[in-house]
Amino acid sequence: MSADPPQGKRWEDLVWQKHRYNERTVIKSGSYLVSYCPHCGQSLIVDDMIRLQTVTADGREGWVEFSPYLNVFDRRSDIRLGEGDEVADLCCCHCRASLREPDQACGLGHPRVARVLVGISTIRVPFFFCMHVGCVWHRIDPDDEHRIILDDSLEW
Ligand SMILES: [Zn+2]
Ligand SMILES: [Zn+2]
């Protein structure tokens, strides 16, 4: 089993912000999202990046890494991914299961969205992001967003 995240990257260290208008608790940009595979539960963080297997639309296989910091869009890969390309699939680097979420579409109109779990407080919540290279669309499942607010009001 993997050890606890390094100091400074535990959920307790995330910075939380109350939204002024609806009292929703949101995760602040720059928060470190500890990410897990929804299928095998293993951490997807390798060398401080979220590392995933990828297959391009024209069948090339490789890996791609994303920054785990919310709203930091660093990305690197061992295959050439042009801005505006859409990868055909993203898979867990441990169990190779597809992370594509068939019933979701990107809020900016792209058809393919992937899902990982991020650890927040004591729960892991679905985090969706677009598979269109260069698109920054992402969201946390609204139901869980609601639960985070309840947890917040009970625990703090
Ligand atoms: Zn997995
Ligand atoms: Zn998109």
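Select S35 and V118. S35 has V118 of strand 9 as its bridge partner. Strands here are DSSP runs of E, at least two residues long, and helices are runs of H or I, at least four residues long, both numbered from the N terminus. This is a predicted model: local features need pLDDT of at least 70, side-chain atom pairs count only at pLDDT 80 or more, and totals for chains, interfaces and linings use all residues. Residues are numbered from 1 along each chain as its sequence is written, with chains lettered from A and ligands numbered from 1 in the order in which they are written.

Two strands count as paired if DSSP finds at least two bridges between them.

Next, select residues 113-120 and 123-130. These are strand 9 and strand 10, antiparallel over 8 bridges. Look across from V116: F127 in strand 10 stands opposite. Then go to the turn. The hairpin of strand 9 and strand 10 has 2 residues between the strands, and S121 in the turn has a positive phi of about 55°.

Move on to residues 138-140. This is strand 11, which pairs with strand 10 in the antiparallel sense over 3 bridges. Centre on F128 to find R139 of strand 11 opposite.

While side chains are displayed along these strands, keep one rule in mind. In a regular strand, side chains alternate between the two faces of the sheet.

**Strand 5 and its partners**

Where does strand 5 find its partners? Start with strand 4, which pairs with strand 5 in the antiparallel sense over 2 bridges. Select I45: I50 in strand 5 stands opposite.

Step into the loop between strand 4 (45-46) and strand 5, where D47 lies. The hairpin here has 2 residues between the strands, and D47 takes a positive phi near 50°. D47 is exposed, because 6 other C-beta atoms lie within 10 Å. The cut-offs are 20 or more other C-beta atoms within 10 Å for buried, 12 or fewer for exposed, and partly exposed in between, with C-beta atoms placed from the backbone.

Click D48, in the loop between strand 4 and strand 5. Phi of D48 is also positive, near 65°, in a residue other than glycine. D48 is partly exposed, with 13 other C-beta atoms within 10 Å. For background, most residues other than glycine have a negative phi.

Now follow strand 5 to strand 6. The two pair in the antiparallel sense over 6 bridges. T54 stands opposite G62 in strand 6. The hairpin of strand 5 and strand 6 has 4 residues between the strands, and G59 there takes a positive phi near 90°.

Strand 5 pairs with strand 8 in the antiparallel sense over 5 bridges. Select Q53 and find its bridge partner, C91, in strand 8.

**The nonpolar core**

Select L44, L52, L90, L99, A114, V116 and V118. These have the most contacts inside the largest nonpolar core, which has 27 residues. A nonpolar core is a set of buried Ala, Val, Leu, Ile, Met, Phe, Trp, Tyr and Cys residues joined through C-beta atoms within 7 Å.

Which strand gives the largest share of this core? Strand 9 does, with 6 residues. At least two core residues each come from strand 5 (49-56), strand 6 (61-66), strand 8 (87-92), strand 9 and strand 10.

Centre on L99. Leaving aside neighbours within four places in sequence, L99 is in contact with L52, L90, C91, C92, A114, R115 and V116. Contact means that C-beta atoms, placed from the backbone, lie within 7 Å.

**Out to R76**

Select residues 75-77. R76 is found in this stretch, strand 7. R76 is exposed, with 12 other C-beta atoms within 10 Å.

**Zoom out**

Colour by secondary structure. The protein has 1 helix and 11 strands. From the N terminus, the order is β-β-β-β-β-β-β-β-β-β-β-α. Of the 156 residues, 24% count as buried. Among contacts between residues at least 6 apart in sequence, 48% join residues at least 24 apart.

Conventions: Contact = placed C-beta atoms within 7 Å.
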